Amino acid sequence: MATYAAPIPQVSAHKVDREQRGFISWLTTTDHKKIGIMYMVTTFIFFIMGGTEALMMRLQLGEPENTLIAPRVYNELFTMHGTTMIFLFVVPMMAGLANYFLPLMIGARDMAFPRLNALSYWLLLAGGLVFYASIFWGPPEAGWVSYPPLSEIAFSPSGGQDAWIFLIHLTGISSILGAMNFYATIANMRCRGMSWGRLPLFVWTILVYSVLIIFAMPVIAGAVTMLLTDRHFGTHFFDPAMGGSALLWQNLFWFFGHPEVYIMVLPGFGIVSEILPVFAKKPIFGYKAIAASSVAIAFLGFLVWAHHMFTTPTPIVVLIFVMLSSFLIAVPTGVKIFNWIGTLWEGSIEFKTPLLFSAGFIALFLIGGISGVFLAVFPVDWQLNESYFVVAHIHFVLMGGAVFTIFAAIYYWFPKITGRMLNETLGKASFWVMFWGFLATFLIQHVIGLDGMPRRVYEYANVGNLGLYNLISTVGAFILGFGILLTIINVARSVKHGAIAGPDPWKANTLEWFTTSPPPVNNFDVIPRVRSAEPLKDYRLEIEKATAPRVPVPAGSGADSESGHLGA
Ligand code: HEM
Ligand SMILES: [Cu+2]
């Protein structure tokens with residue numbers, strides 16, 4: 001017992017009192033927890049906007065030859081939707097979660113560079129505002145990939161395309177600064193005993209997320225700058241007629257774009273790796289394999305960008321190389337899936353909402369991964385490229401892979417952030433409605449694609465069953481939206497009226513549960529010494545041992561205990 005500084009997680013009152021309150025305190029804060037909350041709230045608002053855009057598109061596609069939404073507006077909607085979900089929701093939401101929890105999990109009092117951290121947030125917000133301001137002068141229409149010549153001035157004269165470019169610049173700088181900060185924090189701010197082999201797996205994935213951002217983001221920043229000068233300053237980087245190359249854009253974009261997928265899903269892998277052992281009441285199966293496979297995925301992720309370019313004139317040896325290296329990524333990904341299942345295997349599983357979202361993620365991401373392997377076979381991709389099969393694939397990977405883990409994280413960590421529990425019944429309802437709504441929306445899109453419907457079209461003829469299938473997909477999208485709404489209601493209610501959580505409601509393993517909920521400004525009064533990858537479990541066992549009543553001695557044995565003679 002003596003090795004632990006405090007018998008129960010506690011924090012002295014004066015530290016709580018020093019916390020600044022009120023609106024101004026949010027504008028000026030450098031506290032990683034407040035910045036984390038601002039990230040999470042802001043990105044969730046963008047999620048709702050991106051989701052609304054999606055529902056508008058699905059309304060239009062609900063019946064054949066529908067005239068509800070004009071073609072140009074449909075283009076604007078899918079461009080805004082894809083861009084919002086990726087650059088303004090998933091990537092920065094992961095940064096928000098890491099902001100709040102990474103310092104707590106490694107026993108630090110803040111990030112390495114708190115002011116830089118605040119700057120990262122404000123740049124993100126600026127990027128989002130610039131982008132959405134384009135609603136007033138014509139939003140971009142060239143899709144989230146902005147291929148030239150569509151994104152060149154001749155086809156996209158509106159300033160919306162420039163707003164898109166500035167969004168990439170601003171959120172890119174925001175991400176790079178944030179990534180440097182996470183890296184520096186992990187490298188330098190770990191508490192005593194927190195060796196690399198004991199880092200929580202979420203922290204491992206944020207480390208890899210940061211390295212990926214640092215290598216990938218500058219490439220897209222360069223590419224959009226070239227696009228900007230093409231548009232306004234007379235250069236012709238992407239204009240074949242003037243000696244440029246439209247394929248150059250595709251290479252630069254996807255050199256960033258494929259790693260971007262892992263930037264979005266790796267932190268989700270980390271979240272699930274934290275949640276499964278807590279609710280299966282078993283240590284994570286294969287800690288080292290999970291950590292190492294994240295690194296392997298990151299490395300391989302930089303070799304395969306051309307699998308997005310199978311239909312461009314590319315030498316066949318390159319196609320074969322890219323196909324095989326894409327298959328290779330399935331290996332470390334499969335390792336993770338086996339490890340997660342191994343963690344659940346024979347555990348005494350508590351079916352709480354965070355576990356449900358984690359299990360749902362495993363199922364959906366597995367389907368997305370498998371359809372990805374199909375698409376990596378380039379003759380198959382020649383058939384399916386630019387069809388709804390690809391739309392189904394992206395959503396299984398990104399919505400199944402990232403959004404379900406984000407919801408798992410919301411249910412798991414909300415008690416730490418607010419000090420209150422989310423409602424379990426509403427949480428479970430939200431999960432099941434989202435899960436079935438998701439499948440109704442996107443499973444059938446594989447068939448829509450196989451039946452030949454191209455993506456990014458605002459209308460289609462009623463051939464075969466396309467009308468029926470699209471109606472199912474649209475109804476599914478509204479069910480999915482309703483499921484998401486249930487969580488929003490749950491959060492809104494529980495912030496004020498949820499049951500009091502206490503410091504460690506789940507009996508979890510990592511350090512964020514050692515401090516109060518919510519944690520005070522400086523996070524910890526004392527930081528326990530870390531002796532394994534599950535410091536809080538060690539700590540609980542130690543307390544149990546020290547405070548357990550002595551075992552009663554059987555009568556007649558002649559021995560006695562401190563509490564007096566038993567028996568006789
Ligand atoms: C809330 C449920 C969602 C629905 C109902 C939905 C629906 C749609 C629809 C209808 C399209 C346009 C398809 C086309 O015409 O080609 C689309 C495209 C897309 N969605 Fe979603 N989506 C959802 C969530 C998400 C999420 C969470 C992400 C990413 C994290 C995402 C990423 C994308 C991307 C990247 C595109 C391609 C945009 C483009 O073609 O430029 N979506 N989605
Ligand atoms: Cu890819």
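Q: Before we start, what is a nonpolar core?
A: A nonpolar core is a set of buried Ala, Val, Leu, Ile, Met, Phe, Trp, Tyr and Cys residues joined through C-beta atoms within 7 Å. Keep in mind that this model is predicted.

Q: OK, how many residues has the largest nonpolar core?
A: It has 150 residues. Val 90, Phe 101 and Met 264 are among those with the most contacts inside it.

Q: Which helix gives the largest share of this core?
A: Helix α13, residues 388-418, with 23 residues.

Q: What does Ala 408 touch?
A: Leaving out residues up to four places away in sequence, Ala 408 touches Ile 271, Val 272, Ile 275, Pro 354, Phe 357, Ser 358 and Phe 361.

Q: New topic. How many helices and strands are there?
A: The chain has 16 helices and zero strands.

Q: Now ligand 1. Which residues come nearest?
A: Ala 54, Gly 82, Met 85, Gly 143 and Arg 455, out of 25 around ligand 1. Helices α3, α4, α13 and α15 each give two or more residues to that shell.

Q: What classes are in the shell?
A: There are 15 nonpolar, seven polar and three charged residues.

Key: Residues are numbered from 1 along each chain as its sequence is written. Chains are lettered from A and ligands numbered from 1 in the order in which they are written. This is a predicted model: local features need pLDDT of at least 70, side-chain atom pairs count only at pLDDT 80 or more; totals for chains, interfaces and linings use all residues. A residue is buried if 20 or more other C-beta atoms lie within 10 Å of its own, exposed if 12 or fewer, and partly exposed in between; C-beta atoms are placed from the backbone. Helices (H or I, at least four residues) and strands (E, at least two) are DSSP runs, numbered from the N terminus. Two residues are in contact if their C-beta atoms, placed from the backbone, lie within 7 Å. A residue is near a molecule or strand if its C-beta atom, placed from the backbone, lies within 6 Å of it. Ala, Val, Leu, Ile, Met, Phe, Trp, Tyr, Cys and Pro count as nonpolar, Asp, Glu, Lys and Arg as charged, and the others, Gly among them, as polar.
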